[in-house]
Structure formats: C-alpha cells, structure tokens
Amino acid sequence: MTLKKRSVLTFLIFFAAITGMNAQVKPDPKREFRGVWIATVSNIDWPSPKSPTQKQKQDLIDILDSHQETGINAIIFQIRPEADALYAKSTEPWSRWLTGKQGLAPDPFYDPLEFAITEAHKRGMELHAWFNPYRATFSPNESLLSPNHITKIHPEWFLTYGGTKLFNPGIPEVRDYIVQIILNVVDNYDIDGVHMDDYFYPYAIPGQRINDTEAFNKYNNGITNIEDWRRDNVNRLIKMLADSIHDHNPRMKFGISPFGIWKNKRAADPEGSATHGGDSYYELYADSRKWLKEGWVDYIAPQIYWPFGNAAAAFDKLVDWWSDNAYNRHLYIGQAAYRIGELRKTSGFHSAAEAPNEMKYLRKNDRVQGSIFFSSASVTSNPLGFTDSLRENYYNNPALPPAMIWLDSIAPNAPKHFDITIKPRSFVLTWQTPDLARDKEPVYGYVIYRFEDAGVKLPMDDPANILHIQYDASTKFEDKTIEAGKSYTYVVTAIDRLKNESYPSNPVKISTK
C-alpha cells in the first residue's frame, strides 16, 4: 500500500470514528433542573454580615445575574436557618444573619424572600424556599436569641445536643408547629417549591446522647424500639408536610436533600448501596428512601459529596443506587462545588476533571433529572474553571425544569395571533394570551423559539433553538440579537406553573437579507 493510500485510509477510519462518536453523544436536554443552594446561615453565601439593605439587595442581584449567565434555572434559598426568618410574614424573629441581631428588622425595611422571588423569576429561575425544620439554635450562646424565640416560649419542646438546641421530633405539637410555619410561607409567597436539607435528628457527636426518653414513654404510639420511633417521628412530619403543602397549593413542589447514603449494603441490609460510610437511616433516623416509595416528596436531592473512586462512598455507585430507587419521582444530585480544588492530592476534587466527569456521568443516566450545587459562592468563584465549563458546555443552552405529571399534566393552549413587527435593529414579537386550558389554570409564562433557515419541520426538542424563557404573562418580546443577512422562523409556546408546555403558535418567518 502506498503512503498516499495509507494516509487516505487512516483519514477515513478517523473520520468514521469521530462521526460515529458524535452520533452517540447525548444532546443537551431540553428539560433539566439546574439548581444552586444560597446558604444564609453564618452568611455563607449571602448576605454580607451586618450589611445595609441596599448592599444586600445589590449583592443578591449580582449573585442571581452570575447564576443566570451560568445557566442555573433554580435557586434554593435558605430562609429559616435556626427557627428564625429571612422573610417578613413570619411569627418567628428576624434572623441575626440578616441584620446582626436576632429579632431586628432590616432598615430600611424590605422583605428578602419577596425580593429574591421577584428577582429570580425575572431571570427565568424557580425559587425554592429552604427550611431547616428541626434546628433551633446554631450557637450555644443563648444571649444571641431574641426574647420571643420559640426556645424561650416553649422550652419543653427542645433537646440540647452538642451545646445547641433542636426541636424534639417526637412531640406532636412540635410537628404541628413546623407544618404551620411552612404553610405560612406556602400561603403568602409566590415560591415554586418547599425544600428541606439533611438536618433531622442530629449528626452523632462522641460522648453525646439524645435525651428523648421522656417523650418516647409519652408518645411512643405503641412502638417499642426507640430508634424505630425516631424514624417514625420524622416520617410523620414528612407525610404531614406532603399532604398539607399539596392541599394548600396542588402545584407546589416539595423536595428534600438528605445525606447521600440511605443505608450501606450488608447482610442485614441487602437493599443498601455499595458504600461503607455513615448513613441517614441509622444515624439520622431519616428513612429517605421511604419518602420516595410512598410518594411523599416530589423530588429528592441526595448530597453525593464524594468523588469517583472514594473507598467509602464513590460518586458513581451512589448515583446508580439512587437512580434505581427514585420510584418515579425526580432525582437531582447534590454536588460538592465547595470541594473543587481541594489541595490534598488524595482527594478526587484535586483534579479539574472531577466535577466535569460527574456532569458527564449524570448526563448518561436518564433517571437523573438534574443537579443542585453547594453552594452559591463556590459556583460564582469558578473553581478550577468549572463554572466556565457549565456556562460554555453543559448549560450552554437554556433548559426548562422537568415536568411533574403527578402534580399537573395538563398543558396550556397555544398562544394566538403570533406576529412580528420589524424595527431597525430588532424584531418585536407579539401574541395573544391563549384560551384557558381545561384545568382553568392561567398561563404562567412563555418560551420563544428562533430557528435559522428552518425547513418545514421545526426541531422544538433542541434547546439550542430556545431564544428566551420568561416567567411572566407578558405577551411581548423584543429580539435584539438579530444579524444581517439571515432568515429566522419564530414560534412561541405557553407554559403553566409546573412548566407544562403548549403546542407552538403559528410560525412566522422573517428575513434580514
């Protein structure tokens, strides 16, 4: 074989390999939950300690702008770190993390939750209100507490563990109280979801014990094992919340982010994951898999904060286990952005490839519907260029949150009378509100698609064609990104609160040639 023929053959083999490889690459999903936790306890992400109102607002706008540019479409906003409030319509005292003193309102006055909701929705992001249900104090220094803090009103409701106080989950009045706190937010704020993290019973501290024998003797409900009783207490709260939240608002999402390991697989627990770390079932008394099996939660976001190859808890093994145990509810993976760039070479997060490899692994699993990153400040700091990777690769195209058909499966009707007006450097798109669908739910927003040199078939499933997603009922949009010498075809669809999407409007083709 001549050198020339060998070169041609080599090129053909290479071309076939790369085209075959590209044919197998999974396209960007049109629907994906892309979340980030904004932690307020200890001012981890926001606000700056004792900062004035205007700075708090501007800092939050800057954070949301950064996440919007990255492609984030959901904000998990911590509003109740320690039986307190970062929102105005509360019976609990203002959080000290907001003003520096518990019980002190912001001055000039504003409602941080209301502000965050408005700004998130402006940017096409959902906002989920994040509650710590059982933590009552974050510090053993009780002089930091407001006189009307619940620990002072009902001291009999609390356990002291590790020097701090937590609600006793075994007391029925405690569960009722927590449910009412959360329902107050559901009823009074335009949030998209209720979110809780992994703090149920406390993480173990050597030499400490949970002093709940008296409550067990009084409220055991016939359960003879105190550990089973503790799990039942947590289950009762989750069931109460699921029923109450959906009764007050049938389209409200309810999700929990538990510790990443439910149980470790062993002879007594063959259904557990192939891990050897701590677990939520025995150590935190949180039977997180049961919440999925019973359909009590709409999504679960296990905190899988370990890298590939971790001896005790490998990222891939846990993702696989949770995807096998999601029971037709949404699975979003909690990812450890805060660990990226760790200095220890024995940590997988020392490598810049770890977090992108996690994203690739998740994208290959059809039973994983998204991610939530802890936490906001880590994402905005762009550790080892990972945020750039999200912005330029994984989140380069917009995405709608996944639909929850068990809450609502009825899509809106299509927008009517779609038209375009030509301006010197832009196109103004207008349409009319669609007729109400059969569930009578008002339209929540719209998705505008733009196709270049489109044929008869418009690829609606390709998110690269999404120009804009808006979470408001405005029936007008101006496209200022048109280029000379191009032809465009536009359509618009309507979405409801849970992001069910209508059929497209009539297409309009227009040219700048």
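How much accessible surface does the chain have, and what share of it belongs to carbon and sulfur atoms? The accessible surface comes to about 22600 Å², and 52% of it belongs to carbon and sulfur atoms; accessible areas come from the Shrake-Rupley method with a 1.4 Å probe, and for residues only the protein chains shown count as cover.

This is a predicted model, in which local features need pLDDT of at least 70 and side-chain atom pairs count only at pLDDT 80 or more, while totals for chains, interfaces and linings use all residues. Residues are numbered from 1 along each chain as its sequence is written, and side-chain values use heavy atoms, with hydrogens and water left out.

**Overall dimensions**

Along its principal axes the C-alpha trace spans about 80 × 65 × 45 Å. Buried residues make up 56% of the 513 residues, where buried means under 20% relative accessible area, exposed over 50%, and partly exposed in between (1.4 Å probe, protein chains only). Of the contacts with a separation of 6 or more, 71% are between residues 24 or more positions apart; contact means heavy atoms within 4.5 Å.

**The barrel**

The chain has 14 helices and 17 strands. Helices (H or I, at least four residues) and strands (E, at least two) are DSSP runs, numbered from the N terminus. Eight of the strands close into a parallel barrel in the order β1-β2-β3-β6-β7-β8-β9-β10; two strands pair if DSSP finds at least two bridges between them. Strand β9 (residues 330-335) runs parallel to strand β10 (residues 370-373) and is joined to it by 4 bridges, with S371 in β10 as the bridge partner of I333.

Helix α4 (residues 112-122) lies across β2 (74-80) and β3 (126-131), at about 150 degrees to β3. Axes are lines fitted to C-alpha atoms, for helices over the stretch in contact, and angles run from 0 to 180 degrees between N-to-C directions. In helix α11 (residues 315-324), F315, L318, V319, W321, W322 and S323 are buried. The cover over these residues includes α10 (288-293), β8 (299-300), β9 and α12 (354-363).

**Two buried polar residues**

K253 is placed in strand β7 (residues 253-256) and counts as buried at 1% relative accessibility. The side chain of K253 makes a polar contact of 2.8 Å with the side chain of E126; a polar contact is a pair of N or O atoms within 3.5 Å, where within protein one must be able to donate a hydrogen and the other to accept it, and residues adjacent in sequence count only if both atoms are side-chain atoms. Residues touching K253, not counting those up to four places away in sequence, include H128, D192 and D298. The C-alpha atoms of K253 and D298 are separated by 6.0 Å, although the two residues are 45 apart along the chain.

S376 lies in helix α13 (residues 376-380) and is buried, with a relative accessible area of 1%. The side chains of S376 and H67 are joined by a polar contact of 2.8 Å. Beyond its neighbours within four places in sequence, S376 is in contact with residues including W37, D45 and I63.

**The open sheet**

Four strands form an open antiparallel sheet in the order β14-β13-β16-β17. Its edge strands are β14 (466-470) and β17 (508-511), each pairing on one side only. Neighbouring strands of this sheet are turned by 20 degrees against each other on average, direction ignored. Strand β13 (residues 445-452) is joined to β14 by 4 bridges and to strand β16 (residues 487-495) by 8 bridges. Y446 stands opposite A494 in β16 and opposite Q470 in β14. Because 7 of its 8 residues are buried, β13 is largely enclosed by the rest of the structure.

**Backbone exceptions**

Most residues other than glycine have a negative phi, and most peptide bonds are trans.

| Site | Backbone value |
|---|---|
| W46 to P47 | cis, omega near -15 degrees |
| F374 to S375 | cis, omega near -5 degrees |
| H417 | phi of about 55 degrees |
| K440 | phi near 65 degrees |

P47 lies in the loop between β1 (33-38) and α2 (53-70), and S375 in the loop between β10 and α13. H417 lies in strand β11 (residues 416-423) and counts as exposed at 56% relative accessibility. K440, in the loop between β12 (426-432) and β13, is exposed with a relative accessible area of 59%.
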